[in-house]
Amino acid sequence: MNQRPSILIARAVFPDVVEKLQQHFEVETTPAGVVWSSAELVQRLQGKAGVLTTGGERIDAALLAACPHLKIVANLAVGYNNFDLPAMTAAGVLGTNAPDVLTETTADFGFALLMATARRVTESERFLRAGQWKEWSLDLFAGAEVHGSTLGILGMGRIGQAIARRAAHGFGMPVIYHNRSRLTPELEAACKATYVDKAELLRRADHLLLVLPYSAASHHAIGAAELAQMKPTATLINIARGGIVDDAALAVALRERRIAAAGLDVFEGEPRVHPDLLTVPNVVLTPHIASATLPTRSAMAHLAADNLIGFLVEGRPVTPLNPEVLAA
Ligand code: DGY
């Protein structure tokens, strides 16, 4: 009898996903709340053909060299900046991600964070809970207008486009965007979005939403110089990845009111948060939850599981990132 492949689920997932994988594999799970160090991950990956990761497990040349049985790493995330993809391809290891199933949910959250930030929702709630609300007053927590104001989007992939549609069709916002490549005229029309260069985006946006992937090229794409080009009334929303914004520079800009406010779901070095961001009032902070509805997180986990099954059992992964590995 052929031995079933062994896999590791590197971060706790829903029980039905574990059961699905157990139908095909010998499965080692990870208890809830546990995050393996690189050394522990390497140890647990010995003899494993596949692993289900989140964006938090770094897969690089050193790990690959130490895990010779590994054939596939299935990321439970659309972003895969935790992968050294060239190293994986060189080692003949397939990488997969979890696109599409989270697009609309993440766009909803981008909008929620924009609304909360512009309309000062959490700042005013803290004030109320602290018993500081004594009377109604005309300018109490007066924020920025959302409807009709100009939305700038940096990074115009599927999530950026879903946000643009909400903004243009639901809130009557003029949408401008900057992206590595310009959308087709059909897509621009569907999003009612206008392509501009980055300098114009920074200068014109009333609200600037970041939805670009993290890479060496996008590291600190928004730093002190870029923040200085934004309107003093502008808000900045980051639902993309930590490291795209220079968090230290942002804390200074917020404290000195060089921009009005920020909403951040992702952070450099998360789950640590730059201490200065914790002390400025005009920032809304959430713990990387943009795709976190139960149906969407379930769909992401099932897609990651389907990639493991698709590849290791049927030879056909659903969403491969380096399909050249399949050809080889
Ligand atoms: C993603 O899918 O990339 C989200 O940020 C969750 O990690």
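1. Basis. The model is predicted: local features need pLDDT of at least 70, side-chain atom pairs count only at pLDDT 80 or more, and totals for chains, interfaces and linings use all residues. Residues are numbered from 1 along each chain as its sequence is written, and side-chain values use heavy atoms, with hydrogens and water left out.

2. Helices α5 and α7. Helix α5 (residues 103-118) packs on helix α7 (residues 158-171) at about 55 degrees, and their axes are 8 Å apart. Therefore α5 is oblique to α7. Oblique covers angles left over once under 35 degrees (roughly parallel), over 145 (roughly antiparallel) and 65 to 115 (roughly perpendicular) are assigned. The α5–α7 crossing is right-handed. From α5, the contact (heavy atoms within 4.5 Å) takes in Thr103, Glu104, Thr106, Ala107, Asp108, Phe111 and Met115. From α7 come Arg158, Ile159, Ala162, Ile163, Arg165, Arg166, Ala167 and Phe171. By class, the α5–α7 contact holds 8 nonpolar, 2 polar and 5 charged residues.

3. Helices α1 and α12. The axes of α1 (residues 15-22) and α12 (residues 294-312) come within 10 Å and cross at roughly 10 degrees. The two helices, α1 and α12, are therefore roughly parallel to each other. Asp16, Val17, Lys20 and Leu21 of α1 make the contact with Ala301, His302, Ala305, Asp306, Leu308 and Ile309 of α12. The residues of this α1–α12 contact divide into 6 nonpolar, 1 polar and 3 charged.

4. Ligand site. Ala77, Val78, Gly79, Leu102, Arg241, His288 and Met300 surround the ligand, each with a heavy atom within 4 Å of it. A polar backbone atom of Val78 is 2.7 Å from an oxygen atom of the ligand. For Gly79, a backbone N or O atom lies 2.9 Å from a ligand oxygen atom. Arg241 uses its side chain: an N or O atom there is 2.7 Å from an oxygen atom of the ligand.

5. Cis peptide. The bond joining Glu270 and Pro271 is cis, with omega about 15 degrees. Pro271 lies in the loop between β11 (261-264) and β12 (283-285). Most peptide bonds are trans.

6. Positive phi. Phe141 has phi near 50 degrees, a positive value in a residue other than glycine. Phe141 sits in the loop between α6 (121-129) and β6 (151-154). Helices here are DSSP runs (H or I, at least four residues), as are strands (E, at least two), numbered from the N terminus.

Note on methods
Axes fitted to C-alpha atoms, helices over the stretch in contact; angles between N-to-C directions. Left-handed = near helix turned anticlockwise from the far one by under 90°. Nonpolar A, V, L, I, M, F, W, Y, C, P; charged D, E, K, R; others polar. Polar contact = N/O pair within 3.5 Å; in protein donor to acceptor, adjacent residues only side chain to side chain.
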